[in-house]
Amino acid sequence: MNVSRKKTQQEELVFKLARETAALAGIDGELPRDAVLCFDDYVGPGYSLPTAGMVEAVKMLARTEAVLLDPVYTGKAMAGLIDLVRKGFFKKGENVVFLHTGGAPALYAYLDSFWE
């Protein structure tokens, strides 16, 4: 889930990094270009600017799982994941991994976004 760049730009950066990582790890074979898929629908008005989906995702995870997400990265990424699940993007029974990259202290800088 992109938080700042457009889809095509982000996919190229991630694909390049994935290929370099595979090479360093000694993985043989070519990584197919379509193995990297990014979504830029969840950036909203811009980097670090709150979105309604992010606010919903942060509140939902805090209330249901006691997991704090930061508003800049993981909040927007979780908003995207929730939206894709709702839209049926993932197949039933498919494994999905969400990487929480931290940043929960940033919540304090965005308190106004979370007041009811």
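The model is a predicted one, so please read every value here as computed from it.

Let's begin with the overall layout. The chain has three helices and zero strands, and along the sequence the order is simply α-α-α. Its C-alpha atoms fill a box of roughly 50 × 30 × 25 Å along the principal axes. Of the 116 residues, 31% count as buried. The chain exposes about 7,900 Å², with carbon and sulfur atoms supplying 59% of that area. Among contacts with a separation of 6 or more, 66% are between residues 24 or more positions apart.

In soluble globular proteins, nonpolar side chains tend to be buried together. Here the largest nonpolar core has 14 residues, and the members that touch the most others are Val58, Met78 and Phe114. Helices α2 (52-65) and α3 each supply at least two residues of this core, and the largest share, five residues, comes from α2.

The aromatic rings deserve a look of their own. There are three aromatic pairs in the count. In one of them, phenylalanine 39 and phenylalanine 89 have ring centres 5.4 Å apart and planes at 90°, so the pair is edge-to-face. Phenylalanine 39 sits in the loop between α1 (7-24) and α2, while phenylalanine 89 belongs to the segment after α3, so this pair ties together parts that are 50 residues apart in sequence. Phenylalanine 90 is partly exposed, with a relative accessible area of 24%. Through these ring pairs, Phe39, Phe89 and Phe90 are linked into a cluster.

What does cysteine 38 touch, not counting residues up to four places away in sequence? The list is Asn2, Lys7, Gln10, Glu11 and Val14. For one of these, glutamine 10, the C-alpha atom is separated from that of cysteine 38 by 6.9 Å, although the two residues are 28 residues apart along the chain.

Finally, come back out to the surface. Tyr108, Leu111 and Trp115 make a nonpolar surface patch of about 420 Å². Tyrosine 108 is placed in the segment after α3 (74-86). Is tyrosine 108 buried or exposed? Its relative accessible area is 65%, and because exposed means over 50%, tyrosine 108 counts as exposed.

Conventions:
Residues numbered from 1 in each chain as written. Predicted model: local features only at pLDDT ≥ 70, side-chain atom pairs only at ≥ 80, totals over all residues. Heavy atoms only, no water. Patch = residues over 30% accessible without salt bridge, like charges linked within 9 Å, V, L, I, M, F, W, Y side chains within 5 Å. Areas by Shrake-Rupley, 256 points an atom, 1.4 Å probe, with all protein chains shown as cover. Salt bridge = Lys/Arg side-chain N within 4 Å of Asp/Glu carboxyl O. Helix = DSSP H or I, 4+ residues; strand = E, 2+ residues; numbered from the N terminus. Buried < 20%, exposed > 50% of the residue type's maximum accessible area, 1.4 Å probe, protein only. Core = buried A, V, L, I, M, F, W, Y, C linked by side-chain atoms within 4.5 Å. Phe/Tyr/Trp six-rings, centres within 6.5 Å; stacked < 30°, edge-to-face > 60°. Contact = heavy atoms within 4.5 Å.
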